[in-house]
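The chain is shown first.

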Amino acid sequence: MTPDKPLRADARRNRARILAAAEEVFTEHGAAASTEEVAARAGVAIGTVFRHFPTKRDLLAAIMKELRRRLIERAGALVADGDPATAFYDYFGFLVESSANIGPVIGLLAEEGTEIEPGDQIMALANAFGALLEAAQRAGTVRPDARLDEVMALVAATGHGAVAGAWSDDLRRRTVALVTDALRPR
């Protein structure tokens, strides 16, 4: 597969199935996850996995890239169509939940010494989250003095806490509610 040659439709479908299966398998099993399990869950042969992702590191990095794409896509949809009064809070919770779910993949990348190069995707994410913040502030549902860097720090800290502490879904929801409550106008 050459980088400049577009994938056939069936190859694109296989790649998407492999990424979805890999995210599930690595989230469930962490370092014990195998590419054989990924292939089985995706319904493809192991050779198909390796044709798309020659190494486990390539597969993990692709999962991260796909996650960042989904995060940006969700933010863009909320900016375009979401209720400004609630979209910011919905997205805050979505980011923390996504962090908790993808934590094992991030841990595996770190163990292998793989640097995650977010580049333009993180800027796009910050811009979209900034637009959600500004819309919520205009709608009067977020404190006017809350700054994007502060909000991003709160998301990062809450997401990291959820991953490092292996928080239950209930604890994560309650914590997000407490953190976001601090952002509401008094």
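Contact here means heavy atoms within 4.5 Å. Helices are DSSP runs (H or I, at least four residues), numbered from the N terminus. The model is predicted, with local features needing pLDDT of at least 70 and side-chain atom pairs counting only at pLDDT 80 or more, while totals for chains, interfaces and linings use all residues. Residues are numbered from 1 along each chain as its sequence is written, and side-chain values use heavy atoms, leaving out hydrogens and water.

In the table, axes are lines fitted to C-alpha atoms over the stretch in contact, and angles run from 0 to 180 degrees between N-to-C directions.

| Pair | Angle | Axis separation |
|---|---|---|
| Helix 1 (residues 9-29) and helix 2 (residues 35-42) | about 130 degrees | 8 Å |
| Helix 7 (residues 148-164) and helix 8 (residues 169-181) | about 160 degrees | 11 Å |

Helix 7 is therefore roughly antiparallel to helix 8 (an angle over 145 degrees). The contact joins L154, T158 and A162 of helix 7 to R172, T175, V176 and V179 of helix 8.

From helix 1, R17, I18, A21, A22, E24, V25, F26, E28 and H29 meet E37, V38, R41 and A42 of helix 2.

UniProt, in an unreviewed entry, places the feature "DNA-binding region" at residues 34-53; such annotations may be inferred rather than shown by experiment. Residues 34-53 are 75% helix and 0% strand (strands being E runs of at least two residues), and the end C-alpha atoms of this stretch are 13 Å apart.

Technical notes. Parallel < 35°, antiparallel > 145°, perpendicular 65-115°, else oblique.
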